[in-house]
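Hi everyone, thanks for making time.

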Amino acid sequence: FHNNGCNGANGIKHMETMIDVFDAIPLQGCTDIVCCILFIICILGYVAVGILAWSQGDPRKVIYPTDSRGQFCGQAGTPLETKPLLFYFNIMKCASPMVLLEFQCPTTQMCVEKCPDKFMTLLKAYSNKEDFKYYKNFCKEGLDGLTVTQILRSGLCPAMLLPSKPFTRRCFPALGQKKGGEITVGNNSTFVDWDGNTRDAKDLVAGVKNATVVIEARQVAMKIFEDYTQSWYWILIGLVIAMLISLLFIVLLRFLAGIMVWVMIVMVILVIGYGIFHCSMEYVSLKSEAGSNVTLKDLGFQTDFSVYLHIRQTWLAFIIILAIVEVIIILLLIFLRNRILIAIALIKEASRAIGYVMSALFYPLFTFALLSIVIAYWAVTAVFLSTSNQPIYKVFNETACNHSRKICEPANFSTSSMKAECSESKCLFAFYGGETVYHKYLIGLQFYNVFLFFWCANFVTALGQMTLAGAFASYYWAFVKPDDMPAFPIFSSLGRSLRYHTGSLAFGSLILSIIQIIRVLLEYIDHKLQGTQNKCTKFLLCCLKCCFWCLEKFIKFINRNAYIMVAIYGKNFCTSAKDAFFLLMRNMIRVAVLDKVTDFLLFLGKLLIVGLVGIFAFFFFSGRVKAFENTAPNLHYYWVPILTVVVGSYLIAHGFFSVYAMCVDTLFLCFLEDLERNDGSAERPFLMSDRLLKVLNKKNKPEPAE
């Protein structure tokens with residue numbers, strides 16, 4: 001129900017009665033306008049950052065390999081268009097620790113059309129015209145008239161070629177393995193290296209170790225992709241089954257919620273009772289065992305906890321603890337039975353509300369689509385920002401050199417003082433960076449990108465919560481259901497939320513985003529300080545992380561209920577958060593009971609759905625059932641579709657049940673407001689359903705006869 005200008009009305013028929021019920025709450029305007037303006041400005045700034053990143057960034061740096069001059073191999077429209085592969089002059093140097101520090105192999109790299117497919121040394125190829133013609137494909141220009149010594153000294157050609165295969169657009173030695181485990185390259189176990197020495201093929205492993213791991217991962221990925229192509233339609237069938245079971249479970253909650261709750265309580269009592277019986281049997285059986293009468297105080301602290309299980313006093317403590325828990329549960333059941341009945345009634349009422357607002361079950365798809373857009377924009381902007389640097393060249397040298405790893409210019413490096421002092425040094429492409437104002441503040445732009453990602457993602461989630469809350473509130477406050485409800489509750493609630501309460505949504509999501517970005521910074525600091533031995537710092541950091549985690553959970557709880565109050569009354573965020581918090585604090589026991597009962601039922605539903613669909617998928621895809629033996633597809637890994645179906649089923653169930661949980665929370669707040677504001681008289685009638693009135697032993701008084 002909404003009785004202000006911003007939120008509209010449910011109808012004219014009962015408007016006067018409804019206004020009397022709620023003390024004629026005055027008309028209100030749009031909420032948290034300042035935060036709304038700030039959010040719009042930040043979004044425009046976010047768009048500007050994206051445009052700036054797209055104008056400066058170059059994603060080709062991620063897609064294409066880069067040679068020693070910083071040129072992209074295989075890029076269309078360039079002289080290297082026909083040379084998509086990167087060739088290393090000396091792959092052995094890629095085993096250097098500097099590769100891990102600078103992500104650059106300290107050897108000349110050039111773009112080639114094909115990887116070498118045979119053994120060949122420059123010395124032997126130079127004496128054969130055809131071989132040297134082939135060898136030139138892996139050399140720089142300017143070889144005419146030079147001797148082998150001059151070519152090697154100038155670094156124009158590699159000393160030798162190894163049979164290689166392309167992977168991730170890079171040429172890696174074609175390593176193999178014989179039956180005895182001997183490493184080979186080109187079917188040979190030895191090769192002559194770049195210095196003319198005979199080496200074992202296993203020496204090449206260090207240079208391409210990471211590549212071989214990636215190759216194996218690629219093979220597994222290809223098999224997984226093939227499995228998806230063979231089983232995708234069966235996976236869709238499994239997900240449809242999960243969706244139907246989720247819908248069926250929500251419908252059944254309308255009729256079986258009470259039975260399920262009481263069965264759960266009885267099962268807990270029986271389990272604890274069995275625990276008491278088992279502990280008693282263990283206590284009696286240890287009576288005759290030597291040393292079992294030793295007290296825990298005399299035994300002291302033991303690292304082997306199994307020792308305590310041989311002491312009678314341990315089992316006596318278990319019996320006492322379980323008995324106390326049993327008594328507490330029974331007492332709570334006796335004194336809280338009415339509140340449990342209220343929780344069951346509200347859960348059933350939520351099923352009825354969803355029956356009138358069925359479109360709400362599919363609203364998570366809209367939220368998912370918006371979140372996908374937010375994530376995609378953040379990811380693309382992050383890639384463009386990270387690739388908007390300029391190529392940086394550094395001096396690479398194998399021997400001692402004062403200029404090693406200093407920035408250099410490849411165009412004039414051959415005539416520079418660096419080259420004169422270090423004759424064997426080379427000026428090679430190292431990484432992308434820059435010294436301009438834009439590059440100096442690049443880290444700030446990345447931080448802004450991350451912060452706006454959190455803000456937008458939380459805003460989308462908040463929009464979904466407020467939209468659902470408004471739709472379900474319209475059900476509760478309708479005098480005659482569904483006649484007094486809007487024709488399309490979800491769409492009308494979505495329109496009101498965006499038109500009038502964007503500021504409140506932005507305010508709540510901003511608070512949550514600030515806490516989340518602080519948690520990210522704490523995780524970053526913790527990662528940087530992993531190698532330190534300062535225990536005080538570690539303890540302080542751990543405490544901060546724990547505190548902000550708790551604070552985030554608390555803010556999410558406050559925001560969720562604040563959005564419900566905003567959707568009902570149209571007040572600003574702070575007022576709604578305060579009203580919701582104190583309303584819940586005045587009814588703490590009811591809140592605790594409803595929360596735990598609802599959590600259990602939804603957990604049981606998720607477990608049931610994932611379990612049923614997962615078991616069906618296991619027997620189907622593994623071929624354990626003869627009836628489906630010829631129907632099931634042939635797969636490399638049958639766990640691939642099974643895991644996909646299980647994860648997908650959980651996400652589907654979570655999506656449906658998140659709507660259900662929001663419905664329960666909304667109806668609960670409306671129920672509490674109804675109890676506090678109304679007394680059942682003709683002037684202030686209760687607006688809850690007859691079933692809830694029956695549980696509370698209340699009823700509305702009839703209107704006096706005229």
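**A quick tour**

Okay, of the 706 residues in this protein, 43% are buried, where buried means under 20% relative accessible area, exposed means over 50%, and partly exposed is in between, with a 1.4 Å probe and protein chains only. Before I go on: this is a predicted model, where local features need pLDDT of at least 70 and side-chain atom pairs count only at pLDDT 80 or more, while totals for chains, interfaces and linings use all residues. Residues are numbered from 1 along each chain as its sequence is written, and side-chain values use heavy atoms, leaving out hydrogens and water.

So what's in there? You get 22 helices and twelve strands; these are DSSP runs numbered from the N terminus, with helices being H or I of at least four residues and strands E of at least two.

Now the surface. The protein exposes about 38,400 Å², and carbon and sulfur atoms supply 65% of that; areas come from the Shrake-Rupley method with a 1.4 Å probe, and for residues only the protein chains shown count as cover. There's a nonpolar surface patch of about 740 Å², and L256 is one of the residues making it, along with others including F255 and M267. For a nonpolar patch, residues need over 30% relative accessible area and no salt bridge, and the side chains (Val, Leu, Ile, Met, Phe, Trp, Tyr) are joined within 5 Å. L256 is found in helix α8, residues 205-285, and is partly exposed at 33%.

On to charges. How many salt bridges does the structure hold? Nine, counting a side-chain nitrogen of Lys or Arg within 4 Å of a carboxyl oxygen of Asp or Glu.

Are they buried or exposed? E349 is buried at 3% relative accessible area, and R352 is buried too, at 12%.

Next, D665 and R560 form a salt bridge at 2.7 Å, N to O. D665 lies in helix α21 (639-677) and R560 in helix α18 (535-569), so this pair ties together parts that are 105 residues apart in sequence. D665 counts as partly exposed, at 24%.

R586 sits in the loop between α19 and α20, 90 residues from E676.

Definitions and conventions: Patch = residues over 30% accessible without salt bridge, like charges linked within 9 Å, V, L, I, M, F, W, Y side chains within 5 Å.
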